Amino acid sequence: MDIVGARAEQVAREDLVMFVNACFSCTGQREFYNDGRGQAVSIEFLHAYILGNYRRLYTRTLAAGINHFNQAQIILNLLASGKQTPSADRHEEGALIAAALRALPPQRAYRVLDVLRERRINNRRSRAIVREFLKGRADLHFDAVKYRSKLRAAVAHTHLKLPGELNPFLFHGWRKRVFQAPLLETFRKAHYDASALFELPYTVAEGLAAKHQLPRDVFLRKIEPRLTAAERLRLQGSATRAQGAIALDLGRTPLTRLALYVLSLPLEVRRERLAELHTALEQAAVNSLRRASVPLGRVAAVLDNSYSASGSSEKRRRPLGVALAAHYLLAATAREYRAFWMHPPEHPLLSRARGQTDLATPLLDALDWMPELVVVVSDGYDNDPPNAVAEVTRLFRTKLDPARRTTIIHANPVFASELYAPRGIGTHVPTVGVRDAEDLPTVLGFARFAEGASPLAELEDYLAARVRRMLEHSPRGHAGTEPPRARSELPEESLDEEVA
Amino acid sequence: MKEGGKSAVRRLPLTGLRLAPSQVWGSIRLVPVLRDDIPGDLRITRRSYDEDVSVVSLQGGLMEPGLHYVSYVPHGLVVDWDDKGAAVTPETRLRKPEAKEGKSLKHGPFSSTRVLHRMVHREDKNRLRLLPMHLTMEGFLALYFGGPQVAWSEYSQEALSQGLNPRSEWTSSGWASAAFAEALRIFELHERQVGVLIFQADALLSCAIVSHPEDYRALHRALLEDFYGDLLVQYGFLGDVPVLGTGVEDASVNSMRDLRAAIERMRADWADFMGFMAEGIIGAEVITSPLYEAGPFHLQRFITGLSPSEENHMGEAILRGDGTVEYLKTYRLSAAQTRRAYLLKQLAQGGWSLERTAEHLKTTRDELIVRLRNAGFGYLLKEHVLKAAETRHARR
């Protein structure tokens, strides 16, 4: 290959690695070191740049396991610029968009439809995608109640005619008529009668409870059976304050979310419930490995619990939560495992984000143990002394272990907007972005591209393979093929209704 | 407990303290100061005042006429100590309501004044309240305050009868710099940290050191309410300072043990280097004047030599009998402030005689008068003396 071509390939590879990395970690929210505005500008620029230069790879990133925020951005950007799609890619692009939209959590997917209207994207393909998405929803009556304004916006924007009473329900509301569909009728009744309210989804009932001036503790007690797992978790704090308790099945909560919940508890509570929380986290780790698993050998984790791991007001304790979740995940998947915390806590569950960042010492301890794989979970800032961890990794790679018996991978939950990438810990260690610890198996696979050694073709193959897998798992246009995550948001009853 | 005493020249070494690598945000560099030996027999807590203006009576009773110091004082520090070396628990809100101190006067709905008694006020057997930085600033303003003692004919009536009264100085609050606020927010406190050296564009701006790490943790954000030299704002327009990462030499590393040793060396180099950067105050000669003696602790304020060509700091400190710094706060004088203080010092040394002072400074009387005017002391001299000197100086 000529030099120009080789250079172009290198640039393309670096651009893509940067983009996928950003798509794992950035959510456009403020971080400990960067404000939200900078994050948003930075990630918008990256999207525009990659879309303009590498459209096909941009599309295929949808299948790379990136976070929901960036999936939604990609879907929107693709729909807005459908004209530029080369005809050869048209089919794949459409299928990917449809599959990705279906796989998003419903509130995120409906938000995408809402933004379609805000940005006045109304081409034929967008309308088709919306139609297809709504056709694929398990229970439109439920959606019509829970996501009413967003569904109405989508229907009005795309001039859709929904079956049955849905169109009148969305556009005329509860005042006009009596509905045949039970859920819609309950919704209508609940406006007049507080007792009907408890048949509705929590978010809808909450607003109506305020209208009927129901006391908070009564409302929470009666609505409890209707809560989704995420809502149960979210309401733990306010339910305790309201002198109630909400049954919570900790074992079913996703790992990182559970870790964040545990870290939000006061230290004394964590100490009291140590055994219970510990088991729950272990269970959650096993559950998440069921989805994607890579068996690992001798693994050391270097975990950052310095003050900057406390995150920001928008992502409270997220870096620490990811570190804690990664601890349980790696412990569950590795044959031999040891954790090296920066400020060793009494028990991992009792860790707090405090103190300076001295990443070099725990990394040196970890390397002394001679593991096959070292996973560093840190925001990439290193200040005691600065540059020390970069020097450790450089000398270790170049002088002490040139044969690469030990692999070091840096997983970074924080997107540094000024770098357009998660901050690294030296040029000799690949840095990959993560949002949830559950992404770790995926990003460990992706890390070899971040290292910069593998050629572009391999990255393209990797993405193509993931695209194939994604499209296989959700055959197009087939109703009821939602992934389990989306389904768990819906209460059992609503699914039964559709069958009946 | 005794008050007053003679000033002396001494050095300010940081015994018992060590420095850690700096943390950088924009043009602000914060260097953590760590303390290994923490006896806990001196604790400092913050007491906030929310008045717009505070008046501190320096002489006489609380509401009596006399010398007053007027400034915005956001908080005071309460020092609790034990002379026997036992650990003390710091003052809590419950024991003494904050509103009780001094006297709060309201004028209209939006403004209020608090009248406080003395810069350093003894509240209990083993408790002292001091107004941080203002203590230092008041000392600076009082320096050579009296004006001419001999009625030289050049001085104006006002200068002869009133001295330099009233004197005023301007400083910048920590809030003035957004970078400083952000740097304090993201700063990662060490477990044994008791203080911080604040650099702006790598010029030492201030040191703040207390006795106990918990007290420092509580006071960390209050650093924003203190005031700093003009450099905080002036140098704020300069670009970012480098993170200053030092490296390890490849040839010296052949094993994991070498690598660990090299990182340790890197850490030690950092402390030495930061100490070198702060030479303007740490280990420098200062003129100290004692204020209070509280058991084994000595409260004093100090100022450096006031040489216009060097960086000049002033501050206040509590030293243990063995010379350990238990409390320290410093302020960097701006170039103009140094010039003013320098001129006053020279005048005082020359007995306020313009001729003698000019001779001592190896300059002419006219030039000295112009320098005095430029420094803002034109009001000291009679109008016609000033005019004549200016004309002659301009003609030259």
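Biologist: In this predicted model, which residue of E3(A) does Ala300(A) stand opposite?

Modeller: Ala300(A) has its opposite number in E3(A), and the strands concerned are E1 (residues 296-303) and E3 (residues 373-377) of chain A, which pair in the parallel sense over five bridges. The residue that stands opposite Ala300(A) in E3(A) is Val374(A).

Biologist: Which strands stand at the edges of the five-stranded open sheet of chain A?

Modeller: The sheet is open, its pairing is parallel, and its strands follow the order E2-E1-E3-E4-E5 in chain A. Two of these strands have a single partner strand each, so one side of each is left without a neighbour in the sheet. From one strand to the next the twist averages 25°, and the strands at the edges are E2 (334-341) and E5 (431-433) of chain A.

Biologist: What angle does the direction of helix H1 of chain A make with that of E5(A)?

Modeller: Helix H1, which spans residues 3-25 of chain A, packs on the sheet and touches strand E4 (407-412) as well as E5 of chain A. Helix H18 (residues 318-333) of chain A lies across E1, E2 and E3 of chain A, and runs at about 155° to E2(A). For H1 of chain A and E5(A), the angle between the directions is about 50°.

Biologist: Which residue of E13(B) stands opposite Asp80(B)?

Modeller: In chain B, four strands form an open sheet with antiparallel pairing, in the order E6-E9-E13-E12. Strands E6 (42-48) and E12 (120-124) of chain B are at its edges with a single partner strand each, so one side of each lacks a neighbour in the sheet. Within this sheet, E9 (residues 75-81) and E13 (residues 127-130) of chain B run antiparallel and are joined by four bridges. The residue in E13(B) opposite Asp80(B) is Arg127(B).

Biologist: Which element gives the most to the side of chain A that touches chain B?

Modeller: The contact involves 30 residues of chain A and 29 residues of chain B, and the two chains bury about 2,600 Å² between them, 55% of it on carbon and sulfur atoms. Between chain A and chain B there are 17 residue pairs in polar contact, both at pLDDT 80 or more. With eight residues, the element that gives the most is H20(A).

Biologist: How many residues apart are Glu92(A) and Arg60(A)?

Modeller: The side chains of Glu92(A) and Arg60(A) meet in a salt bridge at 3.0 Å, N to O. Glu92(A) belongs to helix H5 (residues 90-103) and Arg60(A) to helix H3 (residues 55-60) of chain A, so that the pair links distant parts of the chain, 32 residues apart.

Biologist: Where does Pro385(A) lie, and what is the omega of the peptide bond from Asp384(A) to Pro385(A)?

Modeller: Pro385(A) has its place in the loop between E3 and H20 of chain A. Most peptide bonds are trans. The bond from Asp384(A) to Pro385(A) is cis, with omega near -15°.

Definitions and conventions
Residues numbered from 1 in each chain as written. Chains lettered and ligands numbered in written order. Predicted model: local features only at pLDDT ≥ 70, side-chain atom pairs only at ≥ 80, totals over all residues. Heavy atoms only, no water. Contact = heavy atoms within 4.5 Å. Buried area = accessible area lost by both parts, 1.4 Å probe. Polar contact = N/O pair within 3.5 Å; in protein donor to acceptor, adjacent residues only side chain to side chain. Helix = DSSP H or I, 4+ residues; strand = E, 2+ residues; numbered from the N terminus. Pairing = 2+ DSSP bridges. Salt bridge = Lys/Arg side-chain N within 4 Å of Asp/Glu carboxyl O. Axes fitted to C-alpha atoms, helices over the stretch in contact; angles between N-to-C directions.
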